[in-house]
Amino acid sequence: MQTVTLRASGAELNPLIPHPVEMVLAVIFFGLLVILVKIFVVPKFEETFADRTAAIEGGLAAAETKQAEADAKMAELEKQLADARHEAARIREEAREQGAVIVAEMREQAQNEATRIVDHGKTQIEAERQQAVTSLRAEVGALATGLAGRIVGESLNDDERQSRVIDRFLAELEGAN
């Protein structure tokens with residue numbers, strides 16, 4: 001193996017240490033690269049970051065606005081629901097009151113109808129009783145007249161005489177009771 005050593009101006013070159021010209025050129029190119037990145041690339045990144053930040057902040061603001069609107073809407077709906085419940089309770093109470101009034105009216109009507117039916121029944125019973133009494137008087141009178149005529153042996157077909165005999169007979173019967 002041979003060692004290769006390059007000699008320029010009598011100095012030996014070390015492969016680990018770069019050449020001074022290469023170092024100067026690398027620094028110049030690196031500086032140009034930094035300047036180009038700073039001029040062209042960094043503003044684009046900054047603009048993108050600013051747009052992104054604005055979009056995020058706008059989204060957060062919009063979300064907060066929407067949340068506030070949703071909360072307001074929810075509060076309004078809860079208020080409407082509470083109002084509807086109160087209205088339903090009021091309507092139920094009115095229905096109960098109306099039902100109670102209707103029941104009271106129906107009871108009163110039923111009581112009146114029952115009273116009317118009882119009174120009508122009493123009147124009808126009294127009329128039938130009077131009719132029965134009249135009918136019985138006529139039958140009893142006819143029987144009494146027939147019997148009296150047979151007993152007495154004289155005809156009692158005269159209406160006036162028959163009435164007197166019937167009335168006297170009925171008066172005696174009532175007096176006996």
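# Exercises on a predicted helical model

The side chains of Glu113 and Arg116 meet in a salt bridge, with 2.3 Å from N to O. This is a predicted model, in which local features need pLDDT of at least 70 and side-chain atom pairs count only at pLDDT 80 or more, while totals for chains, interfaces and linings use all residues. Residues are numbered from 1 along each chain as its sequence is written, and side-chain values use heavy atoms, with hydrogens and water left out.

## Exercise 1. Confidence

State where in the protein chain confidence is lowest and where it is highest.

**Solution.** Begin with the scale: pLDDT is the predictor's confidence in each residue, from 0 to 100. For the protein chain the mean pLDDT is 85, and 89% of the residues reach 70 or more. Next, turn to the elements, which are DSSP runs numbered from the N terminus (helices: H or I, at least four residues; strands: E, at least two). Confidence is lowest in strand E1 (residues 7-8), with a mean of 48, and highest in H1, with a mean of 91. Finally, residues 1-8 have pLDDT below 50, and beyond near neighbours in sequence this stretch has four contacts in the model (contact: heavy atoms within 4.5 Å). Where pLDDT is low, the predicted coordinates should not be read in detail.

## Exercise 2. Salt bridges

**Solution.** The criterion for a salt bridge is a side-chain nitrogen of Lys or Arg within 4 Å of a carboxyl oxygen of Asp or Glu. The structure holds six such bridges.

1. Accessibility is classed by relative accessible area (buried under 20%, exposed over 50%, partly exposed in between; 1.4 Å probe, protein chains only). Glu113 is partly exposed at 35%, and Arg116 is partly exposed at 45%.
2. Lys79 and Asp83 form a salt bridge at 3.5 Å, N to O. Lys79 is exposed at 56%, whereas Asp83 is partly exposed at 40%.
3. Glu87 and Arg90 also meet in a salt bridge, at 2.2 Å, N to O. Glu87, Arg90 and Glu94 are linked in a network of salt bridges.

## Exercise 3. An aromatic pair

Explain why the pair of Phe45 and Phe49 is classed as it is.

**Solution.** First recall the rule: rings of Phe, Tyr and Trp (its six-membered ring) pair if their centres lie within 6.5 Å, and planes under 30 degrees apart count as stacked, over 60 as edge-to-face and the rest as tilted. The ring centres of Phe45 and Phe49 are 6.2 Å apart and the planes stand at 20 degrees, so the pair is stacked. As to position, Phe45 and Phe49 are four residues apart in helix H1 (residues 20-152), a separation of about one helical turn. Phe45 is partly exposed, with a relative accessible area of 47%, and Phe49 is likewise partly exposed, with 47%.

## Exercise 4. A nonpolar patch

Name residues that make the nonpolar surface patch of about 1,100 Å².

**Solution.** The patch includes Phe30, Leu33, Val41, Phe45 and Phe49. Val41, for its part, is located in helix H1 and is partly exposed at 34% relative accessible area. Patches take residues with over 30% relative accessible area and no salt bridge, joining like charges within 9 Å and nonpolar side chains (Val, Leu, Ile, Met, Phe, Trp, Tyr) within 5 Å. Accessible areas come from the Shrake-Rupley method with a 1.4 Å probe; for residues, only the protein chains shown count as cover.
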